[in-house]
Amino acid sequence: MPVVTSRLVASLLLAGALCGFFGLTSSEGAQPSGTWWDGETALGDGGSLDLKQKEWWARATELKPGEQISIQSALPGGGRMLVRCELLGKRASRPRGSIVWILDDDGDMKADDRDGDQDSDCYVVDYDRDGAVDRMVDYMDNDGDGQPDEMDIRYFVKGRLQTVWVGVDLDHDGRMWDVRDYEYSHNFFRSDPYGNNMIYANKYDPEQKRWWPISECPFAFFDTRGTGRSDLVVRVSAVPVPFDPIREPDLGNATFAWDFSPRLRKIGAVNVRYGVDLDGQSTPERPLHYECGFNLIGNVPYDFPGMAHENPLRRTPKTTYCIGHDASRRLAETYPAEQTGFSWREYGDALRKIGDEPHREECRRWEGVFWTWTRRIMHNTGGPTQDWNTRREFRSSPSTCRELYYSRADRRIHLKGASEGWLMIGHLGDNAPWGEVRMYDTNEDGYFDRWETYRADSAVAVRVSTVIDGGIRELPHDWKQLREVYVKELLPEALAADRKLLDAMRALIAYEPSANLAKALEACTCDSERQYILDVMREECYLALREKLLKENAPDLASLHEDYLRSTPEKKAVAGQAWDRTATVVRLDAAYAEGRYDDAVALLGVLKTPPTAAR
């Protein structure tokens, strides 16, 4: 068989094979016969791949680092191959290096080429030169345009196939996994979370000789605005069911390294993470600008229409399993969650540097914004997480859609149905905690009605508000519509209200924020961060002002207990005015708590006027 039976020709059959995965429709075509490259890397019993059986193995063991040999496959239609010795990473101290076997699947390797390419070549690696394969990096050019559209990173343990990470390039930039030493570099910032793409893991079943969905299956990225930057991200945890969430809290990350067992044939989609760039600020200069994210706990069998993805250009087994790209977003929108966690990143955390260069201090993650391993534990949430300056809201009741609302009380977007929430404030440019705000739904109507403010040095709340009218506004389900409302209406209004109230309070008290708060405001990268820092300043100023007003009023208020008949008219007037001012402070407290800042400014104007009666 001539070389034209390469992967490039096999790509003509992809229209039928990919229909379920990408939502296309096509009649099912005939499958290609065995190819030389698939035969060369065919698996033995138990998924083994033993290089010692290759006729070139003896010559390979004699290679020194930097040396290589060129080989023609002896199989029908066989193409060119290279075998070389490389010094790789941690293994570079080993004098004999590692064996790398390169197969030119698409027949474009020239006689004098010193390397393969990434449009349809395969790299097989034996790190220890013991003949047992450790890794395989396999590139697939589905449309024959000279750049890869899919890639496999297959992981072998003791020479036996165990797991695969699959990359799917949907925005046609040729970028997928970042590879170092022929395996994932463990830095996905250098991979491609920046457009329309997806990655997923599958586990190899050596008895049935097939793949099963496992672990993160998928991570799907969406560029809904056509900017080249992702603004939505979905991550589905595929784990064996049943499982023990106490003893096995994070199987979505753990099962990738497991040996295969029959337990792995019954898989559930038990956690869905859904992250959103709500303000639309993701740019090439500041990517991954996600504000909020849902963490959804449920128990849905991992059995979705079109999840079988057969690619003739993939090495056997050719069929992997993963819910499709668009289907993963529909799943996130409609997932039957038993519990929901909602997170909103308000600002970075000076204690954590978990973002990418050059913006590590901002803690922007390619995974979006997700849950935390504290207080309300939700299995398979992943990590690393940012605890400070990230608001958390927890809903314990079932839901099948992601509903949000806006509360005038704190001028924030909240998870409808959440019964509680918290926001740890601090480490804003320094190592000092500021305090915490806690939210509760005390009447179980689906909306927060109680806010408690704590300072770091006190276990007792410094301000408690039970809100009668929180100015609730239901928000649209469509993210595009919600983005318009948030960016053009809610966020500008919140910023203007903060500044107006701060100015009114400063007319009654000399307030200047700390140097770190002022620096944090100066370092804000977007309006949502500015709102957060202004909110902290406003709360700080209000607490100081309220204390000042009440302390100043206390002596005059106490004079009400004197003998009224023996008091002078001036003292009687002062005592009455003190009570009036106390009642005004209470009304100010209510207006402030409910976010009626225009009313609060008017009341501050009343309090600004000193008592007319002389003592």
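## Overall fold

The protein chain folds into 12 helices and 25 strands, where helices (H or I, at least four residues) and strands (E, at least two) are DSSP runs numbered from the N terminus. This is a predicted model, in which local features need pLDDT of at least 70 and side-chain atom pairs count only at pLDDT 80 or more, while totals for chains, interfaces and linings use all residues. Residues are numbered from 1 along each chain as its sequence is written, and side-chain values use heavy atoms, with hydrogens and water left out.

Along its principal axes, the C-alpha trace spans about 115 × 50 × 45 Å.

## Burial, contacts and surface

Of the 615 residues in the chain, 56% are buried, that is, under 20% relative accessible area with a 1.4 Å probe, protein chains only. Taking contacts (heavy atoms within 4.5 Å) with a separation of 6 or more, 62% join residues 24 or more positions apart.

The accessible surface (Shrake-Rupley method, 1.4 Å probe) is about 26,100 Å², and carbon and sulfur atoms hold 52% of that area.

## The largest pocket

Now to the pocket. On a 1 Å grid over the protein atoms alone, a pocket is an open set of points where a 1.4 Å probe fits, with protein on both sides within 12 Å along at least five of seven lines; lining residues have an atom within 4 Å of a point. The largest pocket has 29 lining residues, with Tyr184, His186, Asn187, Phe188 and Trp366 nearest its centre. Two or more lining residues come from each of strand E9 (183–184), strand E11 (210–222) and helix H6 (251–254). E11 gives the largest share, 3 residues.

Technical notes. Buried < 20%, exposed > 50% of the residue type's maximum accessible area, 1.4 Å probe, protein only.
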